[in-house]
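Reader: I am new to this structure and would like to learn how to read a few of its features. Could we go through them one at a time?

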Amino acid sequence: MTTSTVVRATPRVSRRAGRVRRSGPATPYLFLAPYGVLFVGFILLPAIYGLWISLHDYDYLLPHQPWVGLRNYTDLFKSGSRDGADFWRSIRATVIFTVFSVPLLVTIPLGIAMLLNRKFPGRTFFRAVFFTPYVLGVAVVGVLFRFLLDPTIGLLNFYLGKLGLPDQTPWTTQVPWAWVGLVGMTVWWTLGFNAIIYLAGLQEISPELYEAAEVDGATAWQKFRNVTLPGLRPVLLFVMTLTILASANMFGQSWLVTKGAPDNATRTAIFYISQVGLQQYRQGVAAAMSYVVAIILICVSLLMFRLFRQRDV
Amino acid sequence: MNQFSVPLSRRGFLGAAGAVGGAMALAACGGQSKPPTAAGPTGSAAGSAYNGPKVTLAFWNGFTGADGDYAKKMVNQFNSETPNIHVNMNVFQWADLFQKMPAAVTSGNGPDIGAMHIDDIPTQAAQRVIVPIDSVANNLKLKESDFAPAVWQGGMYKNARYGIPLDVHCLGLFYNKDLFDKAGLDAEKPPTTKDEYMAALDKLKSKNIQGSWVSPFQFTGGLMFQSLLWQFGGDLYSSDVTKATWDSDAGVSALTWMVDLVKQGYSPKNVGQDADYIALKNAKNAMNWQGIWQVNEVTKLTTTHIGIAALPKIGTKGGVWGNSHQFVLPRSQGNDNSKVEAAAYFVSWFIKHGADWAKSGKVPADNNLAKSQAFTSITGLKPFADEVPDVHFPPSVAGINDATAKMYDAVNAAVLGKADPASALHTAAKQASQVLSDNSKKYG
């Protein structure tokens with residue numbers, strides 16, 4: 001399905017000889033070069049340098065960085081070490097957040113995108129409405145929700161109380177409610193982004209397919225099941241992967257709204273890594289933890305690709 | 001920090017995953033190859049005057065409250081009085097300041113002047129972010145006897161002076177006079193002992209007012225715990241700062257007393273960040289152990305009336321959490337000595353205007369100034385001056401805040417009912433002692 005654009009783009013002139021050469025063997029690489037430079041400079045080299053850092057007792061401000069080999073890694077798996085328990089607890093917090101936020105962030109935006117894909121007056125306005133929160137920075141959203149969700153002086157509990165519902169729910173200071181709060185605010189904040197991606201995907205699906213389905217007497221559900229979903233598969237994979245990675249990198253929300261409360265139960269992996277690396281000036285351990293997180297994320301992403309590929313067969 | 005800040009192609013995601021690690025690497029990039037230039041102001045003037053060419057100085061601090069406005073006012077006054085020096089002030093959250101300043105200093109883009117707490121100075125001195133400024137102290141004729149020992153010692157690291165003491169800031173009892181009236185309490189006589197405190201809480205409770213909200217966070221639950229710890233006769237660390245001792249009987253009594261306020265309904269459960277203080281201003285919370293830096297805000301309130309008093313004595317003796325802001329000079333990469341001299345002059349000027357700075361909601365670091373009429377007559381600040389003999393400061397040891405953070409974790413766990421006070425404090429103290437031993441190896 002995605003190949004249609006490629007076919008259209010193939011130039012007819014390229015076979016004619018004797019004209020100005022439009023492409024040489026280096027052309028694709030030259031086009032890739034700007035991205036390549038950025039990739040190597042800002043991702044590949046720092047990643048390798050990070051690996052080097054993770055093998056040291058590293059504080060970039062001190063004159064000596066003692067070599068410790070793999071100790072920063074092995075300590076993470078040793079019980080009773082300084083960071084082991086806290087690190088795996090932060091991974092657990094990240095997993096909880098990801099498991100609850102990803103399904104919502106994959107499905108709700110799809111529903112919204114389908115609504116926004118219909119023709120109705122004010123459509124552009126509503127598209128903007130759903131996308132607007134995403135424009136806000138995490139600092140703005142964080143402070144906003146800290147006061148909306150506050151257990152004792154928050155707006156949410158105030159109005160719940162007015163409705164005669166429980167008005168003491170600790171949305172920011174106890175689990176599981178803190179997770180409800182964090183996931184809820186993240187969904188509100190970022191669903192617009194996923195919805196836009198879906199919307200672009202929906203517009204790529206040829207209307208003829210829907211017409212054909214209608215001629216065959218397909219119901220709305222059958223059209224969704226057999227036309228929309230297959231048509232969106234590459235977009236779905238993209239959205240899923242992106243959302244999982246973004247959720248696994250969650251930091252600002254719990255940093256601002258819960259401060260990790262209660263008892264660091266909502267302290268996520270990136271939250272903990274930043275504390276170790278930037279507040280305690282232990283960049284070696286922080287780099288090692290980053291690599292463990294990166295390996296976990298790579299595995300999860302590979303799994304995602306495998307799952308989606310198998311369905312293709 | 002933004003959720004989707006990494007633009008991702010399907011093929012590039014592996015690389016982006018690697019960037020999680022790369023981010024740390026980037027943060028660590030910097031000129032570590034440059035030799036340390038641990039040079040402070042050396043000229044004979046060193047702060048007493050400035051006769052050099054026109055310079056512009058950057059001054060970084062964490063005065064995010066009402067005190068920032070005061071700092072700005074004083075900087076403006078300095079700029080108009082001193083045509084050859086122009087100071088630009090930048091305010092950061094304290095936590096951000098200690099991420100930004102070291103990186104900026106290492107890359108040669110650091111500020112020329114900074115302000116820090118005494119528990120940050122040794123860490124930053126050990127990491128060569130700031131330079132010794134003994135000559136500035138000498139020129140200001142600072143005398144040890146004029147300062148609290150912890151304030152004086154707090155500016156020192158390895159026998160060199162890095163910090164020029166600016167102020168002392170501590171905790172006080174902020175109480176809502178309207179709620180006191182409502183409960184039939186004397187709004188001019190806030191409780192000073194444990195019995196009076198509990199009696200006041202009971203009277204408030206009879207009017208359905210939860211009288212003393214306990215915050216599970218550093219601000220201000222963690223500061224309240226430290227005050228109580230000292231009141232019950234305990235201390236945070238052993239005298240040589242090799243062991244955390246907040247899990248002593250004194251610590252357990254202190255935290256248990258706080259948790260009991262919640263259990264007995266004098267405080268709501270699950271108080272959020274700053275909710276204790278906001279509720280005080282909203283006339284929902286009657287008493288709040290709050291920082292002096294809020295004085296200017298509460299005295300300006302028109303919707304309710306807030307009284308300010310010294311902390312009540314809950315334990316067997318006086319004990320008040322406190323800290324001190326000190327001026328520091330960040331290490332500069334260049335050889336622009338006139339900038340260093342100008343910075344020294346600015347610091348001296350600011351110290352000499354300490355009485356003005358006190359108006360931002362601070363106790364002057366200099367004891368003579370703290371006792372002076374000029375200071376005690378400032379609205380709302382007198383109770384804090386009375387407290388000064390009882391103020392305890394964090395120890396000045398490199399990396400100490402890594403250990404103290406564990407204590408804040410314990411307070412959070414206990415106040416939110418996740419662990420009982422004794423076991424929370426014990427676990428945290430054990431971890432902190434390990435941190436202390438790691439740090440003594442690291443910083444030497």
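Author: Let us begin with the polar contact, which is a pair of N or O atoms within 3.5 Å, where within protein one must be able to donate a hydrogen and the other to accept it, and residues adjacent in sequence count only if both atoms are side-chain atoms. This is a predicted model, in which local features need pLDDT of at least 70 and side-chain atom pairs count only at pLDDT 80 or more, while totals for chains, interfaces and linings use all residues. Residues are numbered from 1 along each chain as its sequence is written, chains are lettered from A and ligands numbered from 1 in the order in which they are written, and side-chain values use heavy atoms, with hydrogens and water left out.

Reader: With which side chain does the side chain of B:Ser324 make a polar contact?

Author: The partner is the side chain of B:Gln326, at 3.4 Å, and a polar atom of the B:Ser324 side chain also lies 2.8 Å from the backbone oxygen of B:Asp167.

Reader: Does B:Ser324 count as buried or exposed?

Author: Buried means under 20% relative accessible area, exposed over 50%, and partly exposed in between (1.4 Å probe, protein chains only). B:Ser324 counts as buried because its relative accessibility is 0%.

Reader: How much area do chain A and chain B bury between them?

Author: Buried area is the accessible area (1.4 Å probe) that two parts lose on being put together, summed over both. Here chain A and chain B bury about 5,700 Å², with 62% of it on carbon and sulfur atoms. In chain A, the residues that lose the most area to chain B are A:Tyr60, A:Leu61 and A:Arg82, together 13% of what that side buries.
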